[in-house]
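Good morning, colleagues. Please look at the sequence and the model, and I shall then describe how the chain is put together.

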Amino acid sequence: MSTPDSSDGDSDRGSRSDSDTVGPDRAAVRDRLDRVTDPELDRSIVALDYVDAIEIDGDRVTVRFTLPTAWCSPAFAWMMAIDARDEVETLPSVADARIILDEHMHEQEITRGVNEGRSFAEAFPDADGDVAAVRAELDEKARVARQYDAIETLLDAGLDAETIVELTVADLERSAANPSAASAETASDPTDDDEREQLSIYVQNRAVAVSVPAAPIDRYLEKARETGVVSAPDDVLFRTPEGQPIDADSFDLVHRRGRLAQVNMSSQGGICEGLQAARERRFEGAGDD
Amino acid sequence: MYQQNGEDVFVIDAHVHLWDAREDNIVHEGGEEFIQCFYDYHTTFTPDERQWDMSEYRHYGADRMVEDMFGNAAADMGIFQPTYLTDFYDEGFNTTHQNAELATEYPERFVLNGTFDPRDGDEGIEYLEELHETYDISGVKLYTAEWRGDSKGWRLDDEEAFRFLEKCQELGIENVHPHKGPTIRPLNRDAFDVKDVDDAASSFPELNFVVEHVGLPRLDDFCWIAAQEPNVYGGLAVAAPFAQNRPGKFSEILSELLWWLGEDRVLFGSDYAIWNPDWLVEEVMEAELTPEHRAEYGVEWDLETKRKVMGENAADLYDIDIEEKRRTFQDDEISQQFDLGDHYASEEPAAADD
């Protein structure tokens, strides 16, 4: 639905105009930003059209972004700004990334804080602690929502509840030729490969292998690892929202909670999209307001 | 009364306000940002031709509200949910006293709710008693993210909040409406987090907790809590207008609510004047669940369910006798003003099958 390329005015797709400088390619910067998610919606800030401009000056990159409303949680805004800075600065050709948040009730605290390397608690002295707990909670929700798609994929492949709740990381085996697409540093467009890639799931004491699309499982695993529910090879893959292994009897209920988490995110996404559009109309109509 | 295929549906709009966001009432930039954000919500989910100007949106006044609520019989009654925001607005944004202007003029048509803020301590307890004594309130709207000096919010499961809930129980104020909506608190701790409702609801089983905005954007936390606490209800304000421009999403949200809470614990609310029942009631009444959602969730948005969500559930909570209201409204002042007598004249009994 969203068009990632509409976020800045330059015609930059496939452009190599920056390549004669020491700085990064604009597409590489945007690819990095594409990995930054709105933590509440678990969707890319590029796809959500929050990124207003990417300015490249030698090895310095400036990213400007705007959120759907001035009231967007500053903690969420902070996370996105920090993540954007960190992602862009992973590019070897970038010496310094500067992030500017516009049109937010705390734009100054956030822009200054992030670019000066302060902590959230330093930027907001009256905060109760740090943003880590908020991030952890949103990551949990993203994990639960992604789990729904992963489990749907397995149900579609014919696995039953008893089998699914016992699967471990070791039961997964990548069957495509390109096993590391997800971790390639500057893959130009990994989407097509990702869509086609398959995983083999070994069940019945590894006697039988079932082939399934890898993307939903990979997306789930990424969050499951981030949130620490899955690390060792013999860890069970899927968990309740509280992080516990799933009892086969409560499989349906847990799966429904995954569906609910998705509905919650997509509903909020609908509100954010609407507010964003309304706000743009207001700014356009208001002149210098 | 709303009429659909020859059937009457008594509509209680369980979430309305009479607010004042005029510039001379604003004392903090938060007040201006607050009304601007409301206005974005308004324009986002209101059909283009029904949108208001910002100036009328800031202050529409009592007469306009009466006409919008009842003029075309979209709603039969309204429940006032105050939002004080006294750090942002000189006289408050939408206080019980402001709402009382209409509620005392049309006592049969409006339910007037009060509020409390546990940060006010003993003075707050006295204020709650005073509200109860003056207006005989049977409900309170709570805004846990309201700013008060250095404080940017409070929790319903605080010890001090429990003292106020005890006072509610003692006074017979049975309906507690915590606002749980989008995060606006500029801090990391989330003052609209719905989890504090869990402990409060299990600690006060005789009170009803109507979570406004069904916890959005925490629908998942809300439904999980409501599934376990039988005295937790969901107010549809903010979810309802999805019916207008995102019908598929509305179908999905409503299906989740009906699946997790059931049809007895969901209440319609327009959030007037963010949205106007004038058009919103029709949008919700005419909404349909998609065949996919009906199959997936096994729930229906049929006449019986609509009657409950649009009016009967609120009537149960506020001891409103719909049949008696119907007789009263045949020739009350509002029916005369808007020529609505026919809407209440039918002899056919409203649904009383539960």
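In chain A, 65% of the contacts with a separation of 6 or more are between residues 24 or more positions apart, where contact means heavy atoms within 4.5 Å. This is a predicted model, in which local features need pLDDT of at least 70 and side-chain atom pairs count only at pLDDT 80 or more, while totals for chains, interfaces and linings use all residues. Residues are numbered from 1 along each chain as its sequence is written, chains are lettered from A and ligands numbered from 1 in the order in which they are written, and side-chain values use heavy atoms, without hydrogens and water.

Chain A has nine helices and eight strands; these are DSSP runs numbered from the N terminus, with helices being H or I of at least four residues and strands E of at least two. Of its 289 residues, 51% count as buried, that is, under 20% relative accessible area with a 1.4 Å probe, protein chains only.

Let us turn to the sheet. Three strands of chain A form an open sheet in the order β6-β7-β8, with antiparallel pairing; two strands pair if DSSP finds at least two bridges between them. Its edge strands are β6 (172-174) and β8 (208-213) of chain A, each pairing on one side only. From one strand to the next, the twist averages 30 degrees.

How many bridges join β6(A) to β7 of chain A? There are three, and β7 covers residues 198-203. A:Arg174 has A:Leu199 in β7(A) as its bridge partner.

Technical notes: Axes fitted to C-alpha atoms, helices over the stretch in contact; angles between N-to-C directions. Buried < 20%, exposed > 50% of the residue type's maximum accessible area, 1.4 Å probe, protein only.
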